[in-house]
Amino acid sequence: MEGIKITKEVDARGSFCPGPLMEMIRLIRSAQVGDVVAVISADEGTKKDLPAWIKKAKHELIAEEPVEGGATRFICRKLH
Amino acid sequence: MAKNILILGGGTGGSIVANILARSLSPQEATITVITASPQHIYQPYQLYIPFGYQDPRKIARSERSLLHRRVALVVDPVEALDIKNQTVVCRSHKSYPYDYLVIATGSTVDEQQIPGFKEGADHFYTPEAAFVLYEKLQNFNGGTIVVGIGGLPYKCPVAPIEFTFMLEEFLTKKAIRQQSEIIYTFPLNDVFNIKTAADYIKADFDKRNIKTELFFNLSEIHPEKKIAESIEGTELSYDLLVMTPPHKGAPFLRGHEIADADGWVQTDRHSLKVAQLENVWSLGDTTNLPISKAGSTAHFQAPVIAKQICAAIRKETVDPEKVKYNGHVACFIESGYGKATMLDFDYEHPPQPPPPTEFIHFQKLALNKFYWYLIPKALI
């Protein structure tokens, strides 16, 4: 995504355990406030759960970018 | 001249790689050395059984020397520095060990300091010592609220908190204090487990056994004086006993290293298991930054892939990356209590389809526990 610098990204395609959302939570917890992190996932459940967690934890979901092969790049900014 | 193979770490992954190489390569082709921090090899799955009195904590380890092929040299000396440019490892004794090929299998360690109040307020079973302290607390537990969950990500053995919860419910029932006890299972996601097929049966069992759940709960702080566990989502839970998996980190010498991140997780290719695009360094097991289970089973399936590549490199043979690659295979038991267990078996392409818990699968788990020493680290299966 133009203009957004991603600090750290995890390609979680094919990750069933611990799974894409766990990877996003891990990235957010280890990031600095203001950092932008991203997780790539093709998992259907993640499309619903990941934005839901970002909202509940009060961070910012910047974008959901399509990635080849039907996957999605979830880009999130740590707000606190 | 014989090539020098160094393997850092004498756990499951390091031992299997060393033994496969020792049987595959002649002394003229390579010397093989395992450098490890402890002379003891602990079978970590046993730690789950210690808090309930099912396992003696003095009987979960064997000498690493006894598990290695006689051709493998063993050095017990914690690694302090890894110099990639000069292909040298420096240990606490200040001795240096050069290598031609390097395998990093240094595992993961608990880091209780990461969560404020964890050391004072939480119990766990991720070291033999902590598991025994928890055993004593459970022996003296006469009822109240027990909160179980995950204290940080990543952590080894993803299914262990579920197993502990099931076994806890059985333990309290047999102790005739189930009526006076409340079990609250917490999980970071919006479900009881991150694998949907397993989560369905787990949730059904939780409901049947009156195990409460608190989802989207990521531990942020513990207030031991008030006995409250707080999550980053803003939830507060009161407890009488708090059992949380501790946060984990990679080996100290890897934290912030050029080939790893700040927590010491090594940059690893998901198929070749090569480290940071280096041609002569590999990593396996808990040590890697791969988004897969940190479990002995993972290392078990990864080790042969690395050994084949090293043998090919020494013999100057070509390796077909489509034939010699790690496919993400992991296989883990889930103890369900009351003499039953199920199993998760999956890889990068195939999610797990766990069968309903059975006595037979529980028996297979017990058999693995018993025969681990003779079969797994020695790379006989």
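Colleague: Which residues touch the most other members of the largest nonpolar core?

Modeller: In this predicted model, Met24(A), Val39(A), Phe125(B), Val148(B) and Leu242(B) touch the most other members of that core, which has 85 residues; a nonpolar core here is a set of buried Ala, Val, Leu, Ile, Met, Phe, Trp, Tyr and Cys residues joined through C-beta atoms within 7 Å, buried meaning that 20 or more other C-beta atoms lie within 10 Å of a residue's own, with C-beta atoms placed from the backbone. Local features need pLDDT of at least 70 and side-chain atom pairs count only at pLDDT 80 or more, while totals for chains, interfaces and linings use all residues. Residues are numbered from 1 along each chain as its sequence is written, and chains are lettered from A in the order in which they are written.

Colleague: And which helix gives the most to it?

Modeller: Helix α4 of chain B, residues 160–174, gives the most, with seven residues (helices are DSSP runs of H or I, at least four residues, numbered from the N terminus).

Colleague: Switching to chain A, how do α1 and α2 cross?

Modeller: The axes of α1(A) (residues 20–30) and α2(A) (residues 44–56), lines fitted to C-alpha atoms over the stretch in contact, come within 9 Å and cross at roughly 25°, so the two helices are roughly parallel, a label for angles under 35 degrees.

Colleague: What does Met24(A) contact beyond its sequence neighbours?

Modeller: Leaving aside neighbours within four places in sequence, Met24(A) is in contact (C-beta atoms within 7 Å) with Val39(A), Leu50(A), Phe74(A) and Cys76(A).

Colleague: How many residues does each chain put into the contact between A and B?

Modeller: Chain A gives 21 residues and chain B gives 24, and α1(A) gives the most to chain A's side, with seven residues.

How values were computed:
A residue is buried if 20 or more other C-beta atoms lie within 10 Å of its own, exposed if 12 or fewer, and partly exposed in between; C-beta atoms are placed from the backbone. Two residues are in contact if their C-beta atoms, placed from the backbone, lie within 7 Å. Axes are lines fitted to C-alpha atoms, for helices over the stretch in contact, and angles run from 0 to 180 degrees between N-to-C directions. Angles under 35 degrees count as roughly parallel, over 145 as roughly antiparallel, 65 to 115 as roughly perpendicular and the rest as oblique.
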